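The sequence and structure come first, then the notes.

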Amino acid sequence: MRRLYLWGAGLAARWRSWMRATTRRGRFEAEMEAELAVHMESLTADLVRAGFSPREAARRAQIALGSTVVHKDGMRNSLGLNFIDNLGADLRYGARRLRRSLGFTVVATVSLALAIGANTTIFSLAKQLLYERLAVPHAADLRLLAWNGTKGHAAVHHIWGDWGPYGDGRVTSSSFSYPAYLHLRANNHVMQDLFAFKVTGMNATIGGNAQQVQTEMVSGNYYSTLDVRPVLGRAIAPSDDAAPGQGAVAVISQGLWQRAFGSSPAVIGQVIKLNEAPVTVIGVNPKGFTGAKGTQQSPDIFVPMAMQPLISPHVNAASLLTDHNEWWVNVMGRTKAGVPQATAEAALDTQLNAVVRATMTVRPNEDVPRIDLRDGSRGMFAQERTFAKPMTVLLTMVGFVLLLACANIANLMLARGTQRQREISVRLALGAGRARIARQMLVESLMLAALGGVGGLVLGYFGSNLMPKLTENAWERSEFHIHFDWMVFCFTAGVTILTGILFGLAPALAAARTKVSSDLKETSLSVTRRRKGWGGKSLVGFQIALSTLLVIGAGLFLRTLASLNAIDVGFRTDHLLLAEIRPPAKEYPAGKDIQLHTRIVQAMEATPGVEAVSPSWIAYIADDMNRTDFISEGEVYDKNKDDGEDFNVVGNGFFSMMRIPILAGRAFGPQDTATSAKVGIINASLAKERFPNQDPIGKRFTNDGHDSDGHGVKATKEWITIVGVCADTRYSNLRDEPPPQFFLLFAQQTEVGGSLNYLIRTRQSPETIVPSLRKVVQQVDPDLPLINVRTQEQQIDAATQQERVFVAMTSSFGMLALALASVGIYGVMAYSVAGRTNEIGIRLALGAVPRQVMTMVLREAVWMSLAGIALGIAAALVLARLVKSMLYGLTPADPVSLISGAVLLIAVGLAASWVPAWRAASVQPVEALRHE
């Protein structure tokens with residue numbers, strides 16, 4: 001222990017000495033001078049007393065003491081100051097070298113800045129989407145509760161929330177019934193606490209302005225468990241969530257506070273309407289808080305969960321707070337110190353099993369859901385499924401761009417290093433160490449990388465501000481922004497240092513291996529250059545391979561976008577406006593909602609400039625879908641068989657308005673009313689699937705073959721007669737082929753049960769008619785906003801948004817790769833021609849014509865390009881298989897993309913080597929023979 005103490009004390013003393021010597025360098029140098037002077041005087045005095053004359057004594061003392069310069073270097077070296085001095089000298093010398101080669105410095109800096117900037121931009125986007133945590137204290141302690149069950153045999157049949165595959169034939173969801181949440185919380189002994197939340201869209205009237213808002217219903221312990229305190233007012237407390245409808249209060253987000261209230265402190269106490277229910281604002285959330293669901297954008301309004309029956313009553317039961325069968329609320333909690341996750345998971349699973357068996361009917365062939373504790377630091381993390389693979393692809397591609405830039409700069413620096421061989425040989429001959437030479441070259445590389453890193457940081461900042469604009473929809477408000485924080489700065493710094501080492505290591509090692517004897521001989525220059533030219537050509541081949549890979553990748557995504565844009569959706573998209581209205585169920589229950597929408601449709605049809613209007617339960621090409629049973633007359637419902645088909649509920653004039661052809665029978669007409677016989681229309685795919693080699697006109701089907709728990713019923717309530725067959729259309733997205741689909745008549749429905757889309761065909765530009773349509777809706781009900789207003793063409797553009805962003809990114813990377821490859825090819829060919837001037841002169845003197853010399857140089861460039869292209873195509877064929885799911889209308893081995901990429905790289909190689917080839921052909925034999 002004492003030895004350890006003495007070692008630590010000695011280390012601390014050396015550290016203090018180093019700090020004093022570094023920060024007070026002038027004083028340190030003066031103290032060294034004074035100490036050496038004292039030693040000299042003392043030694044001289046001793047020699048004088050020994051009988052020597054003062055002059056002889058001083059001479060002998062100087063000899064005995066030795067060189068003061070050596071002593072000073074020894075003292076500096078003992079403190080580690082020599083390294084700093086040498087580094088400073090290297091930096092100054094490197095700065096002079098870079099300033100002297102200004103063209104090289106500018107080209108290298110711009111190349112690095114573009115590559116590092118691209119990496120910084122994509123990393124900042126990936127960090128925001130995939131790695132950002134909730135802005136709450138100790139977010140890493142949060143756990144999201146989820147469950148999994150056997151597909152088709154889970155005891156849970158009604159889910160309002162997420163649902164997806166879990167693997168091994170199981171499905172998963174993070175939605176729970178509210179009674180199940182209360183039971184889990186009351187019997188929780190393995191976590192600090194559990195809280196509940198649910199995010200959904202609602203109508204809000206603020207200052208007489210009706211608008212759509214995102215609302216998060218939260219349990220009373222939500223704020224206390226997350227440890228979040230409002231910047232103004234107070235948070236929602238357990239007393240606000242004590243009884244249904246009791247806590248008519250709300251906390252609003254910073255964004256809504258700024259937009260609707262101008263950041264006024266007077267917002268506290270103001271009353272707003274939420275789905276026409278008045279609530280009082282009691283607080284404003286802190287900036288950056290995005291709720292518990294995710295990290296991208298904050299809900300606008302937070303209300304107690306007890307308000308659910310008033311502001312968001314369910315279709316089947318007004319209150320979900322006592323409904324054991326409807327699983328809709330999300331649950332999260334904080335881990336308890338000392339309790340392993342497996343223990344907590346087992347305890348919660350036991351409680352969930354108990355509450356499900358006690359409150360729900362579990363049939364013999366059904367299993368009880370099993371608890372699954374997930375990381376909750378990023379909320380529900382729904383974006384992982386959407387963005388994980390695309391971000392991996394983009395990060396890989398920008399990594400290739402960075403490698404390409406490094407190879408490019410390394411090639412240029414190798415050429416410069418060859419030109420400096422005589423300088424390096426002289427320095428070695430004068431006593432410089434090889435490690436010292438290598439360090440000098442590496443310092444120059446790091447200085448160049450630092451310049452590129454600064455430029456890349458600036459470009460990354462602007463790129464990070466631009467990226468959210470590429471992901472916005474024209475009709476949706478977005479508060480998504482990328483945090484350009486210290487993590488991004490550290491990433492950029494790390495990438496900068498890594499690139500400096502990558503492209504500086506080869507030139508540094510080459511400089512350290514310089515042979516003094518041969519390089520001091522001028523006549524050996526051509527031979528040396530010719531021999532060492534293979535290193536540069538190998539790097540250029542590597543650049544061409546990476547460029548080929550990036551260009552082919554850009555071509556694949558470009559052709560995918562072109563294929564998607566060329567799809568015929570099956571209906572006319574021009575002059576077609578889409579809009580949505582969500583009437584609150586409390587004010588417009590079943591029956592009244594049908595009357596409301598009918599009045600709005602009639603009012604819209606009377607608006608000048610409107611050609612036709614049709615209600616529609618779904619918006620096409622909007623990732624929206626409805627699916628239910630389709631059981632034709634004579635069939636029996638079978639739970640183990642999927643009898644479901646996609647469907648839509650539309651107005652009488654839907655088919656004529658959308659220009660969808662009727663292939664057989666008729667469309668809906670004025671004779672089809674709420675009191676007439678139920679009618680339906682099927683598309684050609686459904687007719688082929690369900691009625692092969694038959695005429696489906698006049699046949700009947702039902703869509704209510706089972707009860708709400710998915711079990712067959714004995715008697716069919718009503719039959720629907722098929723009166724027409726229409727052409728196929730795309731349904732929820734562009735990638736899927738037109739699915740079998742059937743249509744029901746809106747006028748024959750008894751309820752809507754939520755939001756309804758409006759399809760509006762206009763005679764003029766759709767955007768110009770929007771204010772009139774909003775006024776029409778306000779006249780019917782001033783608290784109903786017209787939301788999600790966009791054209792069908794804008795909706796289709798949004799469906800291809802990810803592909804368009806990918807094309808923009810990959811095309812940028814591809815063009816950057818081509819630019820870097822052209823610089824690399826030009827540099828190595830120009831260097832090769834300059835090094836072979838003597839050889840070229842001899843060829844010309846012996847009778848070669850300039851055209852032959854030019855062909856020789858171009859042939860060399862073509863073979864170098866072909867080798868790199870072959871390697872790049874092989875890599876592209878392997879890596880393209882990993883993005884097969886992101887392509888459409890082509891295979892990973894798409895010949896058009898492969899051939900066009902190869903031709904483009906050959907053209908770039910020829911163009912980049914044309915000037916060096918022309919210079920080689922222009923060499924004068926007499927001047928060339930005098931060159932060396």
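N330 is found in strand β14 (residues 329-335); strands are DSSP runs of E with at least two residues, helices are runs of H or I with at least four, and both are numbered from the N terminus. At 4% relative accessibility, N330 is buried (buried is under 20% relative accessible area, exposed over 50%, partly exposed in between, with a 1.4 Å probe and protein chains only). A polar atom of the N330 side chain lies 3.1 Å from the backbone oxygen of S174.

## Basis of the model

The model is predicted: local features need pLDDT of at least 70, side-chain atom pairs count only at pLDDT 80 or more, and totals for chains, interfaces and linings use all residues. Residues are numbered from 1 along each chain as its sequence is written, and side-chain values use heavy atoms, leaving out hydrogens and water.

## Salt bridges

The structure holds 25 salt bridges (a side-chain nitrogen of Lys or Arg within 4 Å of a carboxyl oxygen of Asp or Glu). One of them joins D240 and R234 at 2.9 Å, N to O; D240 is buried at 7%, and R234 is partly exposed at 38%.

D894 and R559 also pair, at 2.6 Å. D894 sits in the loop between α25 (850-880) and α26 (895-921) and R559 in helix α17 (residues 525-565), 335 residues apart. D894 is buried at 5% relative accessibility, while R559 is partly exposed at 30%. A network of salt bridges links E635, E645, E689 and R690.

Methods. Polar contact = N/O pair within 3.5 Å; in protein donor to acceptor, adjacent residues only side chain to side chain.
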